[in-house]
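Hi everyone, thanks for having me. Let me put the structure up, and then we'll walk through a few spots in it.

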Amino acid sequence: MNPLTNMRNVLKLSELELRRTSEKGSWHDMYKNSAWIFVGGFPYTLTEGDLICIFSQYGEIVNINLVRDKDTGKSKGFCFICYDDQRSTILAIDNLNGIKILGNSLRVDHVADYKPPKEKNKNKGGFAK
């Protein structure tokens, strides 16, 4: 699905959810067991530190996996972030999906099942490089 179409669909779902007052449940509920989010579409020049600065507004980040090219080590423009509290994922998605950073529109969405890659060199603090 086109990333812009996906962002529009997420925004429509959020608007519909706000209009519903008598119905229970949220589309976020189906991801209540995962504290991971997907972030895509950001400039390749952003680092883990830049992303942590942006996304830590909504909760404590316990892990980040910035996906990089195996040969060059350069960012591929997407990552996976894990929050300490799953409720932070809802805040991040609702507030950051579709915003522009350095001219690029971010796509921020839930991840149902994500297992971080096993690293050869573990870093202190749980952050992946």
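**A buried asparagine and its surroundings**

Okay, so N97 counts as buried, because its relative accessibility is 7%; buried means under 20% relative accessible area, exposed means over 50%, and partly exposed is in between, using a 1.4 Å probe and protein chains only. Quick housekeeping: this is a predicted model, where local features need pLDDT of at least 70 and side-chain atom pairs count only at pLDDT 80 or more, while totals for chains, interfaces and linings use all residues. Residues are numbered from 1 along each chain as its sequence is written, and side-chain values use heavy atoms, with hydrogens and water left out.

Back to N97. You'll find N97 in the loop between helix 3 (87-96) and strand 4. Helices (H or I, at least four residues) and strands (E, at least two) are DSSP runs, numbered from the N terminus. What does N97 touch, leaving aside residues up to four places away in sequence? The list is M7, V10, A92, L106, R107 and V108, with contact meaning heavy atoms within 4.5 Å. A polar atom of the N97 side chain also sits 2.9 Å from the backbone nitrogen of V108.

Next stop, D109. This one is in strand 6 (residues 107-110), and D109 is buried, with a relative accessible area of 12%. Among the residues D109 touches are W27, I37 and F38. The C-alpha atoms of D109 and V39 are 6.8 Å apart, although 70 residues separate the two along the chain.

Now for the rings. How many aromatic pairs does a search of the whole structure find? Five. Rings of Phe, Tyr and Trp (its six-membered ring) pair if their centres lie within 6.5 Å; planes under 30 degrees apart are stacked, over 60 edge-to-face, and the rest tilted. Take F38 and F78: their ring centres are 5.9 Å apart and the planes are at 35°, so this pair is tilted. F38 lies in strand 1 (residues 36-40) and F78 in strand 3 (residues 75-83), so the pair ties together parts 40 residues apart in sequence. F38 is buried at 17% relative accessibility, whereas F78 is partly exposed at 25%. Ring pairs link W36, F38, F78, F80 and Y114 into a cluster.

Last one: L102, in the loop between strand 4 (100-101) and strand 5 (104-105). Buried or exposed? L102 counts as exposed, at 68% relative accessibility. And L102 has a positive phi of about 50°, even though it is not a glycine.

Conventions: Polar contact = N/O pair within 3.5 Å; in protein donor to acceptor, adjacent residues only side chain to side chain.
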